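Please keep the coordinates at hand while reading.

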Amino acid sequence: YVCSTWGNNHFKTFDGDTFQYPGMCEYNFVSDCREAYKEFSVHIQRGLDSNGHPAIQYILLRLKDMDILVKPNLIVADGRIVKTPYYTSGVLIESDAIYIKISVKLGMALMWNRQDALMVELDNKFNNHTCGLCGDYNGIPIYNEFINGDVSYNSITYGNLQKISNPKGKCDDPDETQALPSCNEHRDECQRLLTSPAFADCRLRLNLEMYIQACMQDKCACKGKEDSFCLCSTISEYSRQCSHAGGRPQEWRTQNFC
């Protein structure tokens with residue numbers, strides 16, 4: 001019941017597809033897409049942080065009687081700046097040193113680390129009713145996201161379809177003909193990190209290969225630079241998802257690693 005995005009433009013849909021999409025516009029992350037009655041929508045906008053890494057600049061959560069705008073150090077609910085913990089008709093906003101968490105009574109929880117990683121958990125009453133980068137939540141990977149009828153999309157085409165048109169500013173789509181570079185290096189290192197004893201309780205709970213592939217893509221994108229972002233963001237996501245699935249990752253960060 002979880003959709004997430006993290007690190008170097010990685011996305012994982014509710015149905016378990018993982019893909020990379022480097023767009024920097026405002027996108028529909030996940031929305032209730034029933035024609036007659038939409039209960040919520042979550043939009044995100046990424047940019048580059050001071051180190052040149054992708055980071056989420058803001059999240060816009062729209063509920064039927066309320067808009068909540070979340071930035072790393074600012075939360076605006078219905079046009080007013082609010083302090084956490086904040087509670088109003090069916091919405092609880094909490095924060096700690098790392099995460100901002102929004103719980104909505106309609107069956108949604110949203111967790112953001114104020115940087116690259118956003119996770120949305122959604123009640124299964126929304127099965128088959130969602131659209132956006134998180135997919136349609138029908139339980140079937142690939143179908144209706146990357147294969148729709150007779151048409152097949154690559155991840156860039158699919159991502160571009162989720163753009164929110166903004167009359168104020170023009171934002172260019174990533175080029176659909178430029179496939180993201182594939183990567184076959186760094187498998188041993190990524191596998192070693194993700195199967196370290198600290199993650200023994202995670203192996204059977206998650207699709208390990210998915211995170212190995214993401215880690216390899218990160219390492220390739222960093223072209224061998226010793227940059228903690230290239231290594232730590234996917235391992236952090238693996239740890240978060242493991243905890244969320246009921247696992248208990250042990251302490252894997254050290255003084256000189258992540």
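## Domain arrangement

In this predicted model, the C-alpha centres of domain 1 and domain 2 lie 22 Å apart. The domain assignment of the protein chain places domain 1 at residues 2-161 and domain 2 at residues 184-245.

## The interface between the domains

Contact between the two involves 18 residues of domain 1 and 14 residues of domain 2, and together the domains bury about 1,400 Å², of which 60% is on carbon and sulfur atoms. On the side of domain 1, Trp6, His53 and Met119 contribute 36% of the area buried against domain 2, more than any other three residues.

The elements of domain 1 that give two or more residues to the side touching domain 2 are strand 1, strand 2 (10-12), strand 3 (18-20) and strand 14 (118-122); strand 1 gives the most, with three residues.

Because Cys3 lies in strand 1 (residues 2-6) and Cys134 in the loop between strand 15 (130-131) and strand 16 (147-148), the pair ties together parts that are 131 residues apart in sequence. Both Cys3 and Cys134 are buried.

Another disulfide joins Cys33 to Cys131, at an S to S distance of 1.6 Å. Cys33 sits in the loop between strand 4 (26-32) and strand 5 (40-48), while Cys131 belongs to strand 15, so this pair ties together parts that are 98 residues apart in sequence. Cys33 is partly exposed, with a relative accessible area of 23%, and Cys131 is also partly exposed, with a relative accessible area of 26%.

## A disulfide between helical segments

A further disulfide joins Cys202 to Cys242, with an S to S distance of 2.1 Å. The torsion about the S-S bond of Cys202 and Cys242 is about -85 degrees, so the disulfide is left-handed. Since Cys202 lies in the loop between helix 2 (187-194) and helix 3 (208-221) and Cys242 lies in helix 4 (residues 228-244), the pair ties together parts that are 40 residues apart in sequence. Cys202 is buried, as is Cys242.

Definitions and conventions
Residues numbered from 1 in each chain as written. Predicted model: local features only at pLDDT ≥ 70, side-chain atom pairs only at ≥ 80, totals over all residues. Heavy atoms only, no water. Helix = DSSP H or I, 4+ residues; strand = E, 2+ residues; numbered from the N terminus. Buried < 20%, exposed > 50% of the residue type's maximum accessible area, 1.4 Å probe, protein only. Disulfide = S-S within 2.5 Å. Domains from an automatic or database assignment. Contact = heavy atoms within 4.5 Å. Buried area = accessible area lost by both parts, 1.4 Å probe.
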